[in-house]
Each structure stands twice: as structure tokens, then as C-alpha cells.
Amino acid sequence: MTSRKVVVLGYGMAGSRLAEEIRRRDPEARTVELTVVGAEREPAYNRVLLSSVLAGTMKLDSVRLHDEDWAGRQGVDLRTGVTAVRIDRAHRVVHLSDGSTVDYDGLVLATGADPWIPPTEGLCFDDGSLAPGVVTFRTLADCDRILSAARVGAPVAVLGGGLLGLEAARGLAGRGNLVTVVHPPEHLMERQLDAEGGKALARTLGELGIDFRLGTTAARYLPGDGLKLADDSHVQADLVVVSAGVRANTALAVHAGLAVDRGVLVDDALRTSDGRVHAIGDCAQHPGTVSGLVQPAWEQAEVLADLLTGTDAAARYRGTAVLTRLKARGVDLAAFGDAQAGQDDAGTEVVSVSDAGRGRYARIVVRENKIAGAILLGAPEAAATVTQLYDRSTPLPDDRLGLLMGRGTPGGSAPVAASPADLPASAVVCRCNTVSKGKLVEAWRSGATTVPELARATRATTGCGSCADAVCGIADWLTTTA
């Protein structure tokens, strides 16, 4: 059988995972002749964990997804430090920035997203390059630049109070910088949190040394001085970190004549308007998910690998129920589902508890006696149980308040896990890689008896890293009960 030439444009988290999934299904390269093109020269790395590198809790080597020899071992034609400049769909050829070309039978766009730079006077030069003292937070190189520029004790401004901006702010504050976050909405993480949750998060982060300017924008950047805000106030800053959101990288798709909206439009088979061209990850727009998170990209990679290798021609991507976790030391926050629905919505019950003095806020949205969404700040016991109930679509116990306080109701219909070891086998421990407790137990019994070995066998802990404690707990339990 003649193999198909598949070209993946992008060697980030989506593109590298797709390459892995293809080789997992086709280890001898009999079905797919695979070429991967990456703009960065480094081997693939976990972008989600860059905030931990910034915070000093992880080293650069620990966030890499591949080593230098990965492509050779896997039979992948990996081209790094080069980008695609044009797609010739008529002849099925991709033109690269080094002057070379590569033919394809199937093409995958995994070009990701680029940081969005607010239209603040002085942030950029006329050619679009960033002014001295301004850096984005998106890549490994950005992380290096921030660490080099952020002198201990120096004032730093972070533009953006979303997930990534707050992770950057917490990391820098933990290193001793005086951090101020500037965020135009009235509360933090407005996409995931309601107003009360956003205020509670600001209080928690404020106690960790981060200041906030909410409900205003940066009007002008003054190099060496800081930011003048739209409300005429001033933020002193030797360094400005821009983390104000991203925009899907769709330029190649637009020039190739593919259908594009906010991202490259794809169907459930992850096909673009050209059936030979697919798109996954941050550059793709599918109605069942949101961009900017790793779990949807990795689920898409599994589906597309099934299709491209012929392993499962009926495989389809139906969307991802995303759980957002803030990876900031000293802060435990989870938000998922329709968390901001109001009590007035038909058939909706909302239960919330706020304990501002202790940095705790919990809110669940209930429909048909099941969790429809939740916000859980400073309540790890409740978060573990509520997430389990949400994942399994399990009816709730009678004591809603007890659930938010981290305790179960003896007569309730939902079991409450007192520790990771008490989770049922079907419980999803690592959402990024859809790894259940049962899969971890199976891997352990097959010889993966340490956390690193479990990670290699199942990929648990290799996504956002928020499941690390649970995996460690299960590994400890397995060791003591063997």
C-alpha cells in the first residue's frame, strides 16, 4: 500500500501531539509519510507550563515534550526554524521560508495563535515590533526575555487579567517583582468567572503582592517610566508584559482561499473548506469548543490521527467540555461549564458561598439535579468532588451547601472522594489527556510504578499539570496497597 504524504504546519502543542498520535497508530510509517514544519528552533514544549518556569518552580528542560532525537526515532521529517509562506492548493504544494517546497496529499494547519497587542500608544513601533521594555508572554523565547529583564524588586506591569496574564503576574510576584495588572473589564477572568468570583480572586492575589487597576486601559507607554492609564493614573514599570489575549494565526489560510472567521472554520472531521486540508488547535474554529486551551487541541489530534491513518474513518470531534484551572502558586481555582448562568434562567438553580476573608468562593449552577457549571476558588476538596460529578453527569446530593463546603451528604446520591485514592476507576484524573484512575492503575500494574513512569505511559500530568497531586496520591496509594 502506498503511504500518504501528510504535512503538519506547526510544531507547537497541537502539531506535536498530532505527530505523536499518527506515529502511535502507524509506528512503521507504512500509512503516513509525515513532515512537520515548526517556526521555533527548539523541540516542542508545553506552553501551558511556561508560567511555572517564570515562577521558578520548573526548569526549562522539564517542560519539553520531545528531545532532540525524537523525530529521527519516529521517522518524522521535522523542519524547525522555518515557516510556511504559501499554500498552493491546486498543486498540493507548500512553499517554505527557506526556499524549499514540500508536497502533500493531506495538509494540517496547526499554526496556533499570536499575541494580541492592545492599541496603546508607544507599545509598538510603526513596523509592528515591540518597543524596548515591552515583551509578550507566549513562547519559550518570551519567557527567557522576561526572566532576563525582570530584575528582582523592579516594578512590572502586566496588561491582561485573564488566565495567562494572572499566571505571569503570580510568577513574577513570587520572584520578588512589584507587579501591577491592568485589565479593562471590571473583574478578573471575566470569560470564566462571575463578578463575585473575580473580586474574590483579586483579593486572594492581592494578598500575594499583586496590585490591580481594573476597569481602565493603558493609554500610553512611557519607556523607562511605565504606563499612563485612560483614567489619568500612572503605573510605574521597568517592564511591561503583554498578555491581553491571542488571535488565531489564519494568514496562510486566508491567502490560500480557505473559509475563515475568527479562526479557520472546520467541521466535525476537522476539515476546512478544502477537504484535503484540516486545522486543529488555536488556529481552528469549531462550534464545540473555545481556543487557547490544551485539552481541545489534544482531543482534536486524536480524532484527526484516526482519520489520517485510516484507523477509524468514523471518528469525529464533537467538542470539549473545558475545565479552566489557574496555575498560580498559592491559588486553587477551577471554573467550568455554564458557570455564570443566573438564578433567573429557566430550570436553573444557583448555589454560592463566599468567604472573602479566607479567599474562598464557590458557585455551582444546577440543571435537572446535575452540575451545569461551577466556580471554585480556595476550595480544593469541593473542587475534586464537583468536577467528578460534572464529568460523570451524576445526580447531586441533597445537601448543596455541604457539597460546596467539601463534605458529602450521607444520604445523598453522589459519592464523595475523600482522597484521590478513593476515586472510582472511571473518574477522570487528567482532563487534558482523558486519563482515568483506572488507566493509571492499569499502567502501574504493567510496570509504571513511579509518577514519571505513569506520565510516560499515560501522559497524565503532561498537560496543564493540575492533576499532579492526584496522580502522586494514586501512586502512593498503589505503592502501599501492592
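**Ground rules.** I am working with a predicted model, in which local features need pLDDT of at least 70 and side-chain atom pairs count only at pLDDT 80 or more, while totals for chains, interfaces and linings use all residues. Residues are numbered from 1 along each chain as its sequence is written, and side-chain values use heavy atoms, with hydrogens and water left out.

**Entry 1, helix H1.** I began with H1, residues 13-25. Helices here are DSSP runs of H or I with at least four residues, strands are E runs of at least two, and both are numbered from the N terminus. The 13 residues of H1 reach 18 Å from first to last C-alpha, close to the 18 Å expected; the expected span is 1.5 Å times one less than the number of residues. How many residues of H1 are buried? I found eleven of the 13, where buried means under 20% relative accessible area, exposed over 50% and partly exposed in between, with a 1.4 Å probe and protein chains only. Among the buried ones are Met 13, Gly 15, Leu 18 and Ile 22, along with the charged Arg 17 and Glu 20. The cover over them includes strands E1, E2, E3 and E7 and helices H3 and H8; contact means heavy atoms within 4.5 Å.

From H1, the residues taking part include Ala 14, Leu 18 and Ile 22, and from H8 they include Trp 298, Ala 301 and Leu 304. I noted eleven nonpolar, one polar and five charged residues in this contact.

The largest nonpolar core has 71 residues, and Leu 9, Leu 18, Leu 34, Leu 107, Leu 109 and Ile 280 have the most contacts inside it. H8 gives the most to this core, with eight residues. Such a core is a set of buried Ala, Val, Leu, Ile, Met, Phe, Trp, Tyr and Cys residues joined through side-chain atoms within 4.5 Å. Apart from it I found another core, of 42 residues, including Cys 143 and Tyr 361. I also checked Ile 280: beyond four places in sequence, its contacts include Ala 14, Leu 18, Leu 270 and Leu 304.

Leu 270 has a positive phi of about 60° although it is not a glycine. This leucine sits in the loop between strands E18 and E19. Is Leu 270 buried or exposed? It is buried, at 0% relative accessibility. Asp 232, in the loop between strands E14 and E15, has phi near 75°, but Asp 232 is exposed, at 64% relative accessible area.

Just after H9, Ser 393 takes a positive phi of about 50°.
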